[in-house]
Amino acid sequence: MNNLDAIYDFILTKLRELCEGENFYFKPIKPKLSDLELIAINISAEYLSIDSEYQLFRYLSSSKLDGKIERSVYNRRKRKLFFHMENLRKLIVSRFNDAQNVFIVDSMPLEICKNARAKRSKICKEHEFSFPSKGYCASQSSYYYGYKLHAVCSVSGVFQSFDISTASIHDIHFLQDIKQQMKKCTLIGDRGYLSTKVQTDLFNYAHIKLETPMRSNQKDYKKQKYTFRKSRKRIETLFSQLCDQFKIRNNYAKSFNGFKTRILSKIMTLTFIQFINVFVYKRKMNNIKIAIV
């Protein structure tokens, strides 16, 4: 990849401007690449839609990073950096969402294998708490086997927070986590989050006003405001970008730690590109396919 070196250098420079240090945890032997340099490689690969580590290391072999790190070491260190990458993502998000008080919540399916292989699949089964399960996707009218990505984004299109649950978990349970993370805001959701009990609980606990469309057979039915219906499409666009450019539904991970790190890498890269668009080039935030170098 001819421009991999240039993209890596640019991303590393911007990351160094955001972070004070380059290493986030102790290592007995000093590695050739710092933690921040490894994160820069990860973001560069996701930006270039290099979806497998095997393909990435083929490109690295013809770049200035050749011989700096082995593939197995890269994989292991990247998983250890999960929480540090999430903290870095939150640091970037704080530049966008500090003054925001309207957010959108939604979920999307993350299939790890076809239903026919579900019973014999060993993917992500190293711990009982992370066992995948079978769930139903209403938008696609089909069952799938795997996980569910729950996310909250601002109306401008920046992911505020996200979580991964097994596919059988109902969307509304994610709202119990949201009330610990947010307060004094409006949250827009679809009919999957419709619950008077949950609406009351969110407002009483954290002053979060949950706005969901009513079902047509409900008493005192009122159509949801047009601004809310229009705003809710923003998170659907973000999910489409994650599927299209970042290939979030393609899974090569065998462990749950690898799977969640893979998801975080894609969301972090999307957020980083938005940051570059706004704070470096002063252009439209959600032009994700535009060149950054």
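K184 sits in the loop between helix 6 and strand 5 (185-188), where helices (H or I, at least four residues) and strands (E, at least two) are DSSP runs numbered from the N terminus. This is a predicted model, so local features need pLDDT of at least 70 and side-chain atom pairs count only at pLDDT 80 or more, while totals for chains, interfaces and linings use all residues. Residues are numbered from 1 along each chain as its sequence is written, and side-chain values use heavy atoms, with hydrogens and water left out.

Back to K184. Its phi is positive, about 50 degrees, although K184 is not a glycine. Most residues other than glycine have a negative phi. At 63% relative accessibility, K184 counts as exposed; the cut-offs are under 20% relative accessible area for buried, over 50% for exposed, and partly exposed in between (1.4 Å probe, protein chains only).

Which other residue has a positive phi of about 50 degrees although it is not a glycine? That is S141, found in the loop between strand 2 (133-137) and strand 3 (142-154). S141 is exposed, with a relative accessible area of 55%.

Now look at helix 3, residues 53-60. Its buried residues are E53, L56, F57 and L60. Why do they end up on the same side of helix 3? Because they cover an arc of only 95 degrees around the axis, with the arc taken from the directions from the helix axis to the C-beta atoms. The face turned away from that buried side carries Y54 and R58, which are exposed. What do the buried residues of helix 3 pack against? Their partners are helix 1 (4-18), helix 2 (35-47) and helix 4 (71-80), where contact means heavy atoms within 4.5 Å.

**Pockets**

Rolling a probe the size of a water molecule over the atoms shows where empty space is left. Here a pocket is an open set of points on a 1 Å grid over the protein atoms alone, where a 1.4 Å probe fits, with protein on both sides within 12 Å along at least five of seven lines; lining residues have an atom within 4 Å of a point. Grid points are joined across faces, edges and corners, and the volume is the space filled by probe spheres set on the points.

The largest pocket holds about 570 Å³ of space. It is lined by 21 residues, and the closest to its centre are S107, C137, A138, S139 and D171. Strand 1 (102-113), strand 2, strand 3 and helix 9 (233-244) each supply at least two lining residues, with the largest share, four residues, coming from strand 1.

Leaving aside residues up to four places away in sequence, D171 touches S107, K148, H150, G192 and Y193.

The second largest pocket has about 490 Å³ of space. Of its 20 lining residues, E86, R89, K90, S161 and F162 are the closest to the centre. Helix 5 (82-97), strand 4, helix 6 and helix 10 (256-279) each supply at least two residues of this lining, and helix 5 gives the most, seven residues.

Here are the two linings by class.

**Aromatic rings**

How many aromatic pairs does the structure hold? There are 12. Rings of Phe, Tyr and Trp (its six-membered ring) pair if their centres lie within 6.5 Å; planes under 30 degrees apart count as stacked, over 60 as edge-to-face and the rest as tilted. The rings of F82 and F83 have centres 5.3 Å apart and planes at 90 degrees, so this pair is edge-to-face. F82 counts as buried at 12% relative accessibility, whereas F83 counts as exposed at 57%.

F129 and F256 also form an edge-to-face pair, 6.3 Å centre to centre with 85 degrees between the planes. This pair links distant parts of the chain, 127 residues apart: F129 is in the loop between strand 1 and strand 2, and F256 is in helix 10. F129 is exposed at 65% relative accessibility, while F256 is buried at 12%. Finally, ring pairs link F96, F272, F275 and F279 into a cluster.
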